[in-house]
Amino acid sequence: MVQEQSEFEQLDPKLIPAERLGSAIFFGIVIVLGFLGWVVFALVGWGLSDYRPWVTLVTGVAILGSLAWWSYRYPYLRWQTTRLKTSERGLELHRGVYWQHKIFIPRERIQHTDITQGPISRRFQIAELVINTAGNHNYIIKIEGLNVERAKELRLGLLPSVRAKEEQKRELGI
């Protein structure tokens, strides 16, 4: 059963290196493909004596450098600004680096939950809890960066039918 919390909890701090690793892999591929494209255009299209390949190279390095810095910094900011709290009524989720979102999910609206993990998430032992709700325009809520055990605990505790069965067992002393 999910215990009611008086304080908001943060996501697992292992989310930060996991997202940084995913970003590094992505930018590694982009840099290799971008450099190969630059070589083709520089050698075949313009020639190295022209100024255009060098301007393109400097601009590309500046853009990729700023994006790489942001992809390094953003996981920490996201981890720092995402909080969740469970109660008897449901789940409250606060997240957003620039645009703050405060989401409340009543227990009776939750239809089913899933736990997903990619290869990087498995390596860092974190998971994503996917909550499917009824009657709302935001019918799927994803909470990335939970410890695997915490995600399983939330999954079982948020489902109304599982919760009702646990309460019946407790009342009957089973």
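**Exercise 1.** Which residues does leucine 146 touch, not counting residues up to four places away in sequence?

*Solution.* The model is predicted. Step one is to list the neighbours: leucine 146 touches Leu11, Asp12, Leu84, Gln125, Ile126, Ala127, Leu129, Ala151 and Leu154. The largest nonpolar core has 24 residues, and Leu84, Ile131, Ile143 and Leu146 touch the most other members. Two or more residues of this core come from each of helix H1 (15-46), strand S3 (90-95), strand S4 (101-106), S6, S7 and H4.

**Exercise 2.** Determine the strand order of the open sheet of 3 strands, and state which strands stand at its edges.

*Solution.* Start with the pairings. S5 and strand S6 (residues 126-133) are antiparallel and share 6 bridges. S6 and S7 are also antiparallel, joined by 7 bridges. The order is S5-S6-S7. Strand S5 (110-116) and strand S7 (140-147) each have a single partner strand, so one side of each lacks a neighbour in the sheet. From one strand to the next, the twist averages 20 degrees.

On the S7 side, isoleucine 126 stands opposite asparagine 147.

**Exercise 3.** Is S6 largely enclosed or left open by the rest of the structure?

*Solution.* First sort the residues by direction. In a regular strand, side chains alternate between the two faces of the sheet. Ile126, Glu128, Val130 and Asn132 point one way from S6, while Ala127, Leu129, Ile131 and Thr133 point the other way. Next check burial, for which the cut-off is under 20% relative accessible area. Both sets are buried. With 8 of its 8 residues buried, S6 is therefore largely enclosed by the rest of the structure. For the protein chain, 33% of the 174 residues count as buried.

**Exercise 4.** What does a side-chain oxygen of asparagine 147 reach at the start of H4, and which residues of this helix are buried?

*Solution.* Begin at the start of H4, where a side-chain oxygen of asparagine 147 comes to within 2.8 Å of the backbone nitrogen of glutamate 149. Then go through helix H4 (residues 148-158): Val148, Arg150, Ala151, Leu154, Gly157 and Leu158 are buried. Two of these, Ala151 and Leu154, are also touched by leucine 146.

**Exercise 5.** How many helices and strands does the protein chain have, and what pattern do they follow?

*Solution.* The count is 5 helices and 7 strands. Along the sequence, the pattern reads β-α-α-β-β-β-β-α-β-β-α-α.

Notes:
Residues numbered from 1 in each chain as written. Predicted model: local features only at pLDDT ≥ 70, side-chain atom pairs only at ≥ 80, totals over all residues. Heavy atoms only, no water. Pairing = 2+ DSSP bridges. Helix = DSSP H or I, 4+ residues; strand = E, 2+ residues; numbered from the N terminus. Axes fitted to C-alpha atoms, helices over the stretch in contact; angles between N-to-C directions. Buried < 20%, exposed > 50% of the residue type's maximum accessible area, 1.4 Å probe, protein only. Polar contact = N/O pair within 3.5 Å; in protein donor to acceptor, adjacent residues only side chain to side chain. Core = buried A, V, L, I, M, F, W, Y, C linked by side-chain atoms within 4.5 Å. Contact = heavy atoms within 4.5 Å.
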